Amino acid sequence: MTARLPVFPLATVLFPGLVLPLHIFEERYRALVRHLVDLPEGAPREFGVVAIQAGWEVAPAGPGARATPSAGEVTLHEVGCTAELRQVTELADGGFDIVTVGRRRFRIAEVDDNAAPYLTADVEWLPDPGGSDEVADLLAARVIAVFRQYLGLIRSDPEEISEQLPEDPTVLSHLVAATAALTVDDRQRLLAIDDTASRLRAELRLLNREAALLRQVRAVPVPLAELASPPTPN
């Protein structure tokens, strides 16, 4: 079963439960925010955040102009996450500062760039694991231990390292994926994993890899893929 969803391409990956603030200044996305705000009370005010795989969009120039591709056609990853609108501040110039929270994962079935000023897509909702999972619980304990070691290598303030981490394995897996210094491709692969245990296993491998690199160079690496990322289209 598919649903139609407004789509916001970004140079980042959003995970369920994570906060994503955005500054909206481009007219097509102003239209998206106005559409969400005008929805009836109780209707879900959410849009899909999808990471850009290649290329990036350039803002339309002039009345009625549509977005045009730069550096080749824009290619989106198949799996994204909805962003639920939680707070809207309208600015004097007509733009918006918004605060959103990641809600649910989806896979794009088909993109439509003609139905609205912004992209829309038919999407399939992906499973949201719930309930008790003994394997995930055991992996979560290991991930917490390794993640604390990793934080000790990248943070100088001991109080920051002692922060409380969530015990729920699924919530933990999303937090680690979003906050570790990973490339967009690494984060995208984690988002696309359907079950929590498999995501935690993948994170153990990534955290051990990153910790080993940090111990070797004694500095926080900046992924080249992040440096080459296009500007965020707002």
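**Exercise 1. Is E27 buried, partly exposed or exposed, and which relative accessibility puts it there?**

Solution. Keep in mind that this is a predicted model. Step one is to look up the value for E27, which is 44% relative accessibility. Step two is to compare it with the cut-offs: buried means under 20%, exposed means over 50%, and partly exposed lies in between. E27 therefore counts as partly exposed. Step three is to look for its partner: the side chains of E27 and R34 meet in a salt bridge, 2.6 Å from N to O. R34 has a relative accessible area of 35%, so it is partly exposed.

**Exercise 2. Describe the order of helices and strands along the protein.**

Solution. Begin with the totals: there are 7 helices and 7 strands. Then read from the N terminus, where the order is β-β-α-β-β-β-β-β-α-α-α-α-α-α. As for burial, 42% of the 234 residues count as buried.

**Exercise 3. Work out how the ring of F8 is connected to other rings.**

Solution. The whole structure holds 4 aromatic pairs. In one of them, F8 and Y29 are stacked, with 4.1 Å centre to centre and 5° between the planes. This pair links distant parts of the chain, since F8 sits in strand β1 (residues 2–10) and Y29 in helix α1 (residues 27–37), 21 residues apart. Both F8 and Y29 are buried.

Next, turn to F8 and F47. Their ring centres are 5.8 Å apart and their planes stand at 40°, so this pair is tilted. F47 belongs to strand β3 (residues 46–58), so the pair ties strand β1 to a part 39 residues away in sequence. F47 has 1% relative accessibility and therefore counts as buried.

**Exercise 4. Find salt bridges beyond the one in Exercise 1.**

Solution. A search of the whole structure gives 12 salt bridges. One of them joins the side chains of E78 and R107 at 3.4 Å, N to O. E78 is in the loop between β4 (68–76) and β5 (79–90), while R107 is in strand β6 (residues 96–112), 29 residues apart. Another joins E84 and R86 at 3.1 Å. Here E84 is partly exposed at 21%, whereas R86 is exposed at 54%. Finally, D186, R189, R209 and E210 are linked in a network of salt bridges.

Methods
Residues numbered from 1 in each chain as written. Predicted model: local features only at pLDDT ≥ 70, side-chain atom pairs only at ≥ 80, totals over all residues. Heavy atoms only, no water. Phe/Tyr/Trp six-rings, centres within 6.5 Å; stacked < 30°, edge-to-face > 60°. Helix = DSSP H or I, 4+ residues; strand = E, 2+ residues; numbered from the N terminus. Buried < 20%, exposed > 50% of the residue type's maximum accessible area, 1.4 Å probe, protein only. Salt bridge = Lys/Arg side-chain N within 4 Å of Asp/Glu carboxyl O.
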